[in-house]
Amino acid sequence: MKRPHAFAFALALAVVASAAPAMAEDIKAGDITIQKPWARATPKGAEVGGAYFVIRNTGAQPDRLTGGTADFATVEIHQMKTEDGVMKMVELKDGLPIPAHGSVGLAPGGYHVMLTHLTHPLNKGETIKATLTFEHAGAVEVTFPVLAVGASGPDAAKGGGMGGMKM
Ligand SMILES: [Cu+2]
(Lines give C-alpha, C1' and ligand atoms only; values in the text may rest on other atoms or scores of the structure.)
Protein backbone atom coordinates (compact mmCIF):
# COMPACT_ATOMS: atom_id res chain seq x y z
CA MET A 1 0.00 0.00 0.00
CA LYS A 2 3.04 2.28 -0.21
CA ARG A 3 2.35 3.78 -3.59
CA PRO A 4 -1.24 4.93 -3.01
CA HIS A 5 -0.18 6.46 0.29
CA ALA A 6 2.65 8.40 -1.32
CA PHE A 7 0.29 9.56 -4.03
CA ALA A 8 -2.27 10.77 -1.49
CA PHE A 9 0.44 12.64 0.37
CA ALA A 10 1.61 14.37 -2.80
CA LEU A 11 -1.98 15.30 -3.60
CA ALA A 12 -2.45 16.76 -0.13
CA LEU A 13 0.68 18.86 -0.55
CA ALA A 14 -0.58 20.16 -3.89
CA VAL A 15 -3.91 21.16 -2.33
CA VAL A 16 -2.18 22.99 0.52
CA ALA A 17 0.09 24.80 -1.93
CA SER A 18 -2.77 25.98 -4.11
CA ALA A 19 -4.85 27.06 -1.11
CA ALA A 20 -2.05 29.14 0.39
CA PRO A 21 -3.31 32.72 0.54
CA ALA A 22 -1.42 35.38 -1.35
CA MET A 23 -2.33 37.79 1.42
CA ALA A 24 -0.98 38.13 4.91
CA GLU A 25 -2.92 36.52 7.73
CA ASP A 26 -5.06 38.45 10.18
CA ILE A 27 -3.23 39.71 13.23
CA LYS A 28 -5.16 39.78 16.49
CA ALA A 29 -4.49 41.79 19.63
CA GLY A 30 -7.28 41.90 22.18
CA ASP A 31 -10.42 43.13 20.43
CA ILE A 32 -8.46 44.49 17.49
CA THR A 33 -7.78 42.55 14.28
CA ILE A 34 -5.50 43.85 11.53
CA GLN A 35 -6.47 42.50 8.12
CA LYS A 36 -4.84 42.66 4.68
CA PRO A 37 -1.77 44.69 5.61
CA TRP A 38 0.35 45.89 2.72
CA ALA A 39 2.78 48.63 1.89
CA ARG A 40 3.54 50.28 -1.39
CA ALA A 41 6.93 50.07 -3.00
CA THR A 42 8.74 53.39 -3.13
CA PRO A 43 10.44 54.87 -6.16
CA LYS A 44 14.19 55.31 -5.93
CA GLY A 45 15.16 58.20 -3.68
CA ALA A 46 11.73 58.56 -2.06
CA GLU A 47 11.82 59.39 1.63
CA VAL A 48 8.22 58.48 2.37
CA GLY A 49 6.06 55.43 1.84
CA GLY A 50 2.54 54.33 2.68
CA ALA A 51 1.19 51.31 4.55
CA TYR A 52 -2.42 50.18 4.52
CA PHE A 53 -4.70 47.66 6.24
CA VAL A 54 -8.15 47.17 7.70
CA ILE A 55 -8.69 47.52 11.45
CA ARG A 56 -11.58 45.57 12.91
CA ASN A 57 -12.75 46.14 16.47
CA THR A 58 -14.88 43.29 17.84
CA GLY A 59 -15.05 44.82 21.29
CA ALA A 60 -17.74 46.88 23.00
CA GLN A 61 -15.30 49.75 23.60
CA PRO A 62 -13.98 52.11 20.95
CA ASP A 63 -10.22 52.02 20.43
CA ARG A 64 -7.78 54.35 18.74
CA LEU A 65 -4.75 53.85 16.54
CA THR A 66 -2.37 56.37 18.06
CA GLY A 67 0.84 55.75 16.12
CA GLY A 68 3.58 53.24 15.75
CA THR A 69 7.25 52.50 15.40
CA ALA A 70 9.55 50.95 12.84
CA ASP A 71 13.31 50.58 12.79
CA PHE A 72 13.59 51.94 9.24
CA ALA A 73 11.15 54.86 9.37
CA THR A 74 9.05 57.22 11.45
CA VAL A 75 5.42 56.10 11.66
CA GLU A 76 2.63 58.68 11.36
CA ILE A 77 -1.12 58.33 10.95
CA HIS A 78 -2.36 60.44 8.05
CA GLN A 79 -5.52 61.22 6.15
CA MET A 80 -5.93 62.35 2.56
CA LYS A 81 -8.96 64.53 2.09
CA THR A 82 -10.34 66.94 -0.44
CA GLU A 83 -10.75 70.53 0.71
CA ASP A 84 -12.04 73.12 -1.77
CA GLY A 85 -11.33 70.67 -4.56
CA VAL A 86 -7.72 70.20 -3.49
CA MET A 87 -6.37 66.92 -2.15
CA LYS A 88 -4.63 67.51 1.14
CA MET A 89 -2.75 65.27 3.51
CA VAL A 90 -3.05 65.86 7.23
CA GLU A 91 -1.47 64.10 10.17
CA LEU A 92 -4.01 62.77 12.68
CA LYS A 93 -2.23 63.89 15.81
CA ASP A 94 -4.99 62.52 18.03
CA GLY A 95 -4.92 59.20 16.22
CA LEU A 96 -7.55 57.33 14.27
CA PRO A 97 -10.69 56.32 16.23
CA ILE A 98 -11.90 52.74 15.74
CA PRO A 99 -15.58 52.43 16.70
CA ALA A 100 -16.83 49.59 18.90
CA HIS A 101 -18.02 46.67 16.79
CA GLY A 102 -16.76 48.50 13.73
CA SER A 103 -13.94 48.67 11.27
CA VAL A 104 -11.85 51.30 9.57
CA GLY A 105 -10.02 50.79 6.31
CA LEU A 106 -6.72 52.44 5.49
CA ALA A 107 -6.18 52.74 1.75
CA PRO A 108 -4.52 55.01 -0.81
CA GLY A 109 -6.45 58.27 -1.04
CA GLY A 110 -7.83 58.03 2.52
CA TYR A 111 -6.46 57.10 5.91
CA HIS A 112 -2.95 55.69 5.77
CA VAL A 113 0.12 54.99 7.79
CA MET A 114 2.83 57.25 6.47
CA LEU A 115 6.36 55.99 6.80
CA THR A 116 8.65 59.01 6.77
CA HIS A 117 12.42 59.38 6.96
CA LEU A 118 12.86 56.01 5.25
CA THR A 119 16.35 54.64 5.77
CA HIS A 120 15.93 52.29 2.81
CA PRO A 121 13.52 52.01 -0.11
CA LEU A 122 10.53 49.67 0.10
CA ASN A 123 11.04 47.08 -2.61
CA LYS A 124 8.26 45.10 -4.23
CA GLY A 125 8.22 41.48 -3.09
CA GLU A 126 9.85 42.21 0.26
CA THR A 127 8.12 42.46 3.61
CA ILE A 128 8.53 45.18 6.21
CA LYS A 129 7.72 45.11 9.91
CA ALA A 130 6.20 47.90 11.93
CA THR A 131 4.56 48.07 15.33
CA LEU A 132 1.20 49.80 15.52
CA THR A 133 0.09 51.28 18.81
CA PHE A 134 -3.51 51.24 19.99
CA GLU A 135 -4.86 53.07 23.01
CA HIS A 136 -6.44 49.91 24.43
CA ALA A 137 -5.14 46.95 22.42
CA GLY A 138 -1.55 48.12 22.93
CA ALA A 139 1.34 47.40 20.58
CA VAL A 140 0.72 45.15 17.59
CA GLU A 141 3.56 44.01 15.38
CA VAL A 142 2.49 43.80 11.75
CA THR A 143 4.31 42.39 8.74
CA PHE A 144 3.46 44.20 5.52
CA PRO A 145 4.08 42.60 2.12
CA VAL A 146 5.38 45.29 -0.23
CA LEU A 147 3.31 45.55 -3.41
CA ALA A 148 4.13 47.41 -6.62
CA VAL A 149 4.63 51.19 -6.75
CA GLY A 150 1.25 51.67 -8.45
CA ALA A 151 -0.64 49.04 -6.45
CA SER A 152 -3.96 49.98 -4.92
CA GLY A 153 -4.29 46.96 -2.63
CA PRO A 154 -4.08 43.18 -2.31
CA ASP A 155 -7.63 42.79 -3.66
CA ALA A 156 -7.19 45.05 -6.67
CA ALA A 157 -6.98 43.56 -10.14
CA LYS A 158 -3.48 43.41 -11.52
CA GLY A 159 -2.55 46.56 -13.35
CA GLY A 160 -5.57 48.48 -12.04
CA GLY A 161 -4.69 52.13 -12.47
CA MET A 162 -7.02 53.61 -9.85
CA GLY A 163 -4.34 53.97 -7.19
CA GLY A 164 -2.04 56.27 -9.07
CA MET A 165 0.60 57.75 -6.84
CA LYS A 166 -1.74 58.85 -4.09
CA MET A 167 -0.54 58.12 -0.60
CU1 LIG B 1 0.62 60.72 4.40
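Contact here means heavy atoms within 4.5 Å. The model is predicted, so that local features need pLDDT of at least 70 and side-chain atom pairs count only at pLDDT 80 or more, while totals for chains, interfaces and linings use all residues. Residues are numbered from 1 along each chain as its sequence is written, and side-chain values use heavy atoms, with hydrogens and water left out.

**Exercise 1.** Determine which residues Gln 35 is in contact with, leaving aside neighbours within four places in sequence.

*Solution.* Start from strand β2 (residues 32-40), where Gln 35 is found; strands are DSSP runs (E, at least two residues), numbered from the N terminus. With that sequence exclusion applied, Asp 26, Phe 53, Val 54 and Arg 56 are in contact with Gln 35. Next, look for polar contacts (pairs of N or O atoms within 3.5 Å; within protein, one must be able to donate a hydrogen and the other to accept it, and residues adjacent in sequence count only if both atoms are side-chain atoms). The side chain of Gln 35 makes one of 3.4 Å with that of Asp 26, and one of 3.0 Å with that of Arg 56.

**Exercise 2.** Identify the protein donors of the copper ion and the spacing they follow along the chain.

*Solution.* Donors are N, O and S atoms within 2.8 Å of the metal (3.2 Å for Na, K and Ca), and sites may look incomplete because water is not among the atoms. His 78 (ND1), Met 89 (SD), His 112 (NE2) and Met 114 (SD) lie 2.1 to 2.4 Å from the copper ion. Along the chain, these donors follow H-x10-M-x22-H-x1-M. Since His 78 belongs to strand β5 (residues 73-83) and Met 89 to strand β6 (residues 86-91), the pair ties together parts 11 residues apart in sequence.

Definitions and conventions
Helix = DSSP H or I, 4+ residues; strand = E, 2+ residues; numbered from the N terminus.
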